[in-house]
Amino acid sequence: MKVLEIKKALSGEISVSADKSISHRAVMLGSLARGKTVIHNLLLSEDVKATMSAFKALGVKMSLIGNTLEIEGSDFSLSAPDSALDLGNSGTTTRLIMGILASQNFEVRLIGDESLSKRPMNRVAIPLTLMGADIRAQGITATLPVTIHGGALHPLNFDIPVASAQVKTALIFAGLRAQGKSRFVEKMKTRDHTEKMLPLFGGKVEVNNLEIQVSGPQNLVGTSLTVAGDFSSAAFWIVAALIIPDSDILLKNIGINYGRTGLLDVVTAMGAEVELLNLDEKQETADIHVKYTEDLHATEISGELIPRCIDELPILSLLATQVKGETVIKDAKELRFKESDRISSIANLLSKMGAQISTREDGMIILGKANLTGIEEIELANDHRLVMTAIIASLVAKNGSNFPENIKAIVSTSYPDFFKDLELLCH
Ligand code: S3P
């Protein structure tokens with residue numbers, strides 16, 4: 001598939017695909033609650049489908065009409081599946097479901113694709129084992145296949161050593177069913193969708209800055225909710241509009257949770273003017289208006305900003321190749337444990353296209369104002385965010401690039417409407 005250098009500006013308005021983090025959590029909490037849950041505008045991406053299939057295999061009844069999902073909740077009474085749960089490419093499904101299975105009194109084997117099978121699960125396996133779950137996995141980092149046999153859990157007082165919303169959520173899910181009060185402390189603030197969604201299901205969780213307390217056992221009740229657009233998907237167009245001359249676009253009804261919008265802080269520090277319209281603080285949504293900005297300049301992306309833009313660092317790296325000066329990304333070692341080792345995969349991709357990047361164990365140094373050229377053969381490591389970054393890079397690269405046909409399947413991990421939205425913005 002050829003993606004050509006774009007000769008004109010991006011324009012118009014779109015609503016991007018729905019939020020992946022919120023969709024996973026809504027399916028999971030709906031499956032655990034008592035009674036009916038209705039989720040409107042659910043993201044039907046491959047990762048969320050993996051979550052739906054897993055809960056169906058655990059005995060939960062659900063029916064989909066368009067992108068509205070109705071779930072008949074199990075009131076925390078899941079049943080043992082007939083075979084291993086295949087979680088595909090989805091790290092979020094795997095880590096979060098481990099927190100749920102930790103309190104279910106049966107054995108489940110979890111498997112996944114090649115990329116997921118390399119990712120560390122010890123970050124959840126260790127604290128869940130301390131709570132009483134029996135978990136077996138591969139090697140020192142506890143990779144898949146993982147076998148988990150849950151049961152009665154004790155509460156836990158635990159400082160989470162990595163800034164990870166996945167680990168935090170797994171522990172909150174386990175804490176809901178433990179006998180007593182658990183206390184978890186985050187290293188840095190990460191997305192708090194779980195904490196915000198639980199009260200909608202009648203759940204109680206106390207949050208005090210980085211400290212989360214949850215008392216168990218708790219039951220949940222079904223509810224109805226609507227998922228907004230995914231900021232991480234919108235990020236590709238925010239950057240595209242900033243670097244393609246004369247662009248002017250509006251991204252409608254996008255989730256703007258504080259733990260997700262570090263990219264807005266980064267582009268503002270670079271000199272961009274990105275406007276939030278129709279801001280709804282309660283729903284955490286806004287329309288995002290972005291215009292091409294000349295003379296953007298480099299900045300440092302580090303510290304507490306990192307977990308707030310962790311999934312946007314691939315596309316921010318592309319932006320860094322186009323602004324004036326040297327952008328430093330540090331404190332981002334977590335990037336090495338994503339769908340690919342994103343420090344090396346991003347650096348490889350953008351260097352092959354002509355950018356000057358040096359890598360560090362925990363980040364990159366990226367020289368700006370690079371003239372990118374398209375490439376004939378791209379190695380994309382089966383990583384959806386790397387593929388979308390490569391496509392946006394090809395729009396500004398001389399001569400465009402050739403991609404293998406399977407990129408559509410890879411992109412549908414998180415953003416099934418990506419190519420449709422690309423066409424809408426290019427016409
Ligand atoms: C996610 C949290 C992040 C993010 C992932 C989704 C979530 O992972 O990278 O795409 O939905 O909780 P970590 O929390 O492990 O950094």
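A residue counts as buried when its relative accessible area is under 20%, as exposed when that area is over 50%, and as partly exposed in between, using a 1.4 Å probe and the protein chains only. This is a predicted model, in which local features need pLDDT of at least 70 and side-chain atom pairs count only at pLDDT 80 or more, while totals for chains, interfaces and linings use all residues. Residues are numbered from 1 along each chain as its sequence is written, and side-chain values use heavy atoms, with hydrogens and water left out.

Serine 394 is buried because its relative accessibility is 0%. This serine belongs to helix α12, residues 384–396; helices are DSSP runs of H or I with at least four residues, strands are E runs of at least two, and both are numbered from the N terminus. The side chain of serine 394 comes to 2.7 Å from the backbone oxygen of alanine 390. A polar contact is a pair of N or O atoms within 3.5 Å; within protein, one must be able to donate a hydrogen and the other to accept it, and residues adjacent in sequence count only if both atoms are side-chain atoms.

Helix α10 spans residues 313–322 and is mostly covered, with ten of its ten residues buried. Among them are Leu313, Pro314, Ser317 and Gln322.

Next comes the ligand. Its shell, taken as residues with a heavy atom within 4 Å, consists of Ser21, Arg25, Thr92, Ser164, Ala165, Gln166, Arg191, Ile310, Asp311 and Lys338. By class, the shell has two nonpolar, four polar and four charged residues. Here Ala, Val, Leu, Ile, Met, Phe, Trp, Tyr, Cys and Pro count as nonpolar, Asp, Glu, Lys and Arg as charged, and the others, Gly among them, as polar.

Ligand oxygen atoms take part in several pairs. One lies 2.9 Å from a polar side-chain atom of serine 164, and a polar backbone atom of glutamine 166 is 3.1 Å from a ligand oxygen. For lysine 338, a side-chain N or O atom is 2.7 Å from an oxygen atom of the ligand. The ligand taken alone exposes 380 Å², of which the protein buries 95%; accessible areas come from the Shrake-Rupley method with a 1.4 Å probe, and for residues only the protein chains shown count as cover. Helices α1 (20–32) and α5 (165–177) are the elements that give two or more residues to the shell.
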